[in-house]
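Here is a short briefing on a structure, arranged by topic. Keep the sequence and the 3D view open as you read.

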Amino acid sequence: MELVNIFLKAAFVENLVLAYFLGMCSFLAVSKTVKTAFGLGLAVIFVLGITMPINWLINEYLLSETGPLGFDFSFLRFILFIAVIASMVQLVEMVIEKVSPSLYNSLGIFLPLITVNCAILGGSLFMVAREYNFGESVAFGLGGGFGWFLAIIAIAAIREKIRYSDVPPALRGLGMAFILTGLMGIAFMSLLGIDPAAFK
Amino acid sequence: MAEVTTAPVVQEKEPLFGKKERKLITDPLTDNNPITIQVLGICSALAVTSLVLPSIVISVAVIFVCAFSSLFTSLLRTRIPKSIRMIVQLVIIATLVTIVEMVLKYYSYPVYRQLTIYIGLIITNCIVMGRLEAFAMANKPWRSFLDGIGNGLGYGVILVAVALVRELFGKGSLFAGSPAEMKIIGASPDYMINTLAEGSWFGWYSNNNLMVLPVAAMFIIGIFIWIQRSRNPALVDVS
């Protein structure tokens with residue numbers, strides 16, 4: 001039950017894009033059509049779900065003082081996490097290419113983009129900051145990825161429609177995307193009630 | 001290959017602060033702003049703009065990381081093999097960010113706690129990586145260094161401007177948490193304009209809670225983009 005709770009919280013209330021602005025660059029750049037947004041969203045779920053447990057293991061057994069190495073290596077955290085993410089993305093790309101060429105063709109170009117998607121590194125750093133255990137980190141990874149997926153599909157659908165609306169020229173494109181993201185953030189907040197901590 | 005070897009190498013004299021060098025710093029502040037025009041680095045750091053102090057801290061950190069990673073990448077640019085350049089760049093950036101994190105943790109622990117993961121996320125900030133790819137890999141160290149400073153500044157200007165609006169209207173104060181804290185408007189005698197005291201502000205002004213929420217940053221940047229593009233129609237998206 002606790003894990004379901006973490007999953008739902010990560011997907012809706014603490015949505016990585018709309019509450020923390022993680023992965024905003026690719027969120028704005030790749031959300032022009034629903035089809036491409038769908039591909040990127042799936043890839044993010046995938047990579048977030050895989051790197052989170054791996055980074056948890058690294059943090060617990062290699063970097064912490066209580067691990068087998070017995071020394072506090074936490075100053076290496078950033079470098080190791082980003083290395084894990086970069087190599088996992090590479091690995092996932094190769095595996096998908098071997099196992100399912102059709103999925104590879106639909107995800108192909110988006111996979112390398114994910115290395116520099118802040119949502120992935122941010123998820124891992126949140127996991128460390130909040131001291132999740134292994135199960136919780138898996139649930140948080142999948143939930144965060146799912147929330148990101150929902151958000152990018154929703155904004156892509158809105159942006160497809162808004163092309164036919166009469167937006168002031170100076171606001172067209174990027175400016176409108178920002179304001180839409182803000183409005184969606186408010187909409188997502190109301191999904192499970194507004195977090196009272198935000199008003200303190 | 002022939003053209004490359006036979007072309008006479010013109011040794012251009014490069015002044016330390018010529019017109020071109022100044023342009024490298026001023027351009028990102030206005031017409032080539034990383035956030036409003038290049039759409040780089042919107043990630044992460046916007047979430048900390050609810051207060052001015054952490055925004056300034058993060059801007060300084062980004063300027064530092066951007067400038068020195070450009071410098072080092074540019075120094076190494078002829079020696080980095082193309083196939084592993086991303087990893088080399090990420091290692092340079094991650095090392096600099098680790099230094100920033102340690103310094104901040106040592107000198108100002110409360111601010112470090114406030115920023116939590118956002119310091120680490122400078123690694124994946126697209127501005128840093130984007131400028132390394134687009135500029136530092138093809139230019140001399142000094143100019144890359146200036147380009148790094150310029151883009152870091154362009155980023156910081158937007159961040160601090162958003163934070164000023166959000167803190168003033170959301171909390172009624174400016175620079176909260178720093179020695180220069182100013183309490184501008186609020187419902188207590190500590191503030192310069194006390195909305196509880198008799199006077200023209202009595203009873204009708206209250207802080208805007210929307211400004212405290214992260215989404216406010218989105219609206220404010222949207223409005224900045226709107227203003228900038230209506231003043232300079234050349235920047236308008238064609239699509």
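**Overview**

From one end of the sequence to the other, chain A runs α-α-α-α-α-α-α-α-α. That comes to 9 helices and 0 strands. The model is predicted.

**Chain A as a whole**

- The C-alpha trace of chain A spans about 65 × 50 × 30 Å along its principal axes.
- The radius of gyration of chain A is 18 Å. A compact globule of 200 residues would come near 16 Å, so the value for chain A agrees with that.
- Of the 200 residues in chain A, 47% are buried.
- Take the contacts in chain A between residues at least 6 apart in sequence: 78% of them join residues at least 24 apart.

**Where the chains meet**

- Chain B gives 38 residues to the contact, and chain A gives 36 residues.
- On the side of chain B that touches chain A, the elements giving two or more residues are α4, α6 (126-134) and α8 (215-231) of chain B.
- The largest share of that side comes from α8(B), with 9 residues.
- By class, the side of chain B that touches chain A holds 27 nonpolar, 9 polar and 2 charged residues.

**Helix α3(B) against α4(B)**

- Helix α3 of chain B covers residues 52-76, and helix α4 of chain B covers residues 85-107.
- Their axes lie 10 Å apart, and the two helices pack at an angle of about 145°.
- The crossing of α3(B) past α4(B) is right-handed.
- From α3(B), the contact uses V57(B), A61(B), F64(B), V65(B), F68(B), S69(B), F72(B) and T73(B).
- From α4(B), the contact uses Q89(B), I92(B), I93(B), L96(B), V97(B), V100(B) and L104(B).
- The class count for α3(B) with α4(B) is 12 nonpolar, 3 polar and no charged residues.

**Helix α3(B) against α6(B)**

- The axes of α3(B) and α6(B) cross at roughly 25° and come within 10 Å.
- Angles under 35 degrees count as roughly parallel, and α3(B) and α6(B) are therefore roughly parallel to each other.
- This crossing of α3(B) and α6(B) is right-handed.
- V65(B), C66(B), S69(B), S70(B) and T73(B) of α3(B) meet I127(B), V128(B), R131(B) and L132(B) of α6(B).
- By class, the contact of α3(B) with α6(B) has 5 nonpolar, 3 polar and 1 charged residues.

**Residue T49(B)**

- T49(B) sits in the loop between α2 (19-26) and α3 of chain B.
- Is T49(B) buried or exposed? T49(B) has 26 other C-beta atoms within 10 Å, so T49(B) is buried. The cut-off for a buried residue is 20 or more.
- Beyond its neighbours within four places in sequence, T49(B) is in contact with S55(B), L159(B), V162(B), A163(B), R166(B) and A217(B).
- T49(B) and M211(B) are 162 residues apart in sequence, yet their C-alpha atoms are 10.0 Å apart in space.

**Residue F126(A)**

- F126(A) lies in helix α7 of chain A, which covers residues 118-129.
- With 22 other C-beta atoms within 10 Å, F126(A) is buried.
- F126(A) and S137(A) are 11 residues apart along the chain, and their C-alpha atoms are separated by 9.5 Å.

Notes
Residues numbered from 1 in each chain as written. Chains lettered and ligands numbered in written order. Predicted model: local features only at pLDDT ≥ 70, side-chain atom pairs only at ≥ 80, totals over all residues. Axes fitted to C-alpha atoms, helices over the stretch in contact; angles between N-to-C directions. Helix = DSSP H or I, 4+ residues; strand = E, 2+ residues; numbered from the N terminus. Left-handed = near helix turned anticlockwise from the far one by under 90°. Contact = placed C-beta atoms within 7 Å. Nonpolar A, V, L, I, M, F, W, Y, C, P; charged D, E, K, R; others polar. Rg over C-alpha atoms; globule rule 2.2 N^0.38 Å. Buried ≥ 20, exposed ≤ 12 C-beta atoms within 10 Å, placed from the backbone. Parallel < 35°, antiparallel > 145°, perpendicular 65-115°, else oblique.
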